[in-house]
Amino acid sequence: QVQLVESGGGLVQAGGSLRLSCAASGSIFSINSMGWYRQAPGKQRELVAAITSDGDTKYADSVKGRITISRDNAKNTVYLQMNSLKPEDTAVYYCNAIIVVVGYAYERNYWGQGTQVTVSS
């Protein structure tokens, strides 16, 4: 019913930039919070950044000042602009969205398939 499709990952040198995008599609009534998580090998998945439908944001301490989350509500899309990347940012990045599907009274948690970000030193 709902899909989250990510794009924009890849290989970049330390200090470089990448922009991730995630578009939600399907029978969407409303989207509440959208966000990005990441999971490095051998580590737990962690929140990178999140944004509400009103534009309120929160960031992991490790990315503050380097990474910016934004969203286009008309396009059901969330973006992650990553600057000054470090090798420790290397991980699979997952898009997340809290969505109310048409015909349902409750919200559900949806995940994208993940996109690899590799930062070389």
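## Close-up views of a predicted model

**View 1. Thr68 stands opposite Gln81 in S8.** Strands here are DSSP runs (E, at least two residues) numbered from the N terminus, and two of them pair if DSSP finds at least two bridges between them. S7 and S8 run antiparallel, joined by six bridges. In their hairpin, four residues lie between the strands and Asn76 takes a positive phi near 55°. This is a predicted model, where local features need pLDDT of at least 70 and side-chain atom pairs count only at pLDDT 80 or more, while totals for chains, interfaces and linings use all residues. Residues are numbered from 1 along each chain as its sequence is written, and side-chain values use heavy atoms, leaving out hydrogens and water.

**View 2. Tyr37 and Trp111 bring together distant parts of the chain.** Their ring centres are 5.0 Å apart with planes at 65°, so the pair is edge-to-face (centres within 6.5 Å; planes over 60 degrees apart). Tyr37 belongs to strand S4 and Trp111 to strand S10 (residues 107-111), 74 residues apart. Tyr37 is partly exposed, at 24% relative accessible area, and so is Trp111, at 35% (partly exposed lies between buried, under 20%, and exposed, over 50%; 1.4 Å probe, protein chains only).

**View 3. Two arginines meet tyrosine rings: Arg19 with Tyr79 and Arg45 with Tyr94.** The charged end of Arg19 sits over the Tyr79 ring, 4.1 Å from its centre (for Arg, CZ within 6 Å of the ring centre and within 35 degrees of the ring normal). Arg45 lies over the face of Tyr94, at 3.7 Å from the ring centre.

Definitions and conventions
Rings of Phe, Tyr and Trp (its six-membered ring) pair if their centres lie within 6.5 Å; planes under 30 degrees apart count as stacked, over 60 as edge-to-face and the rest as tilted.
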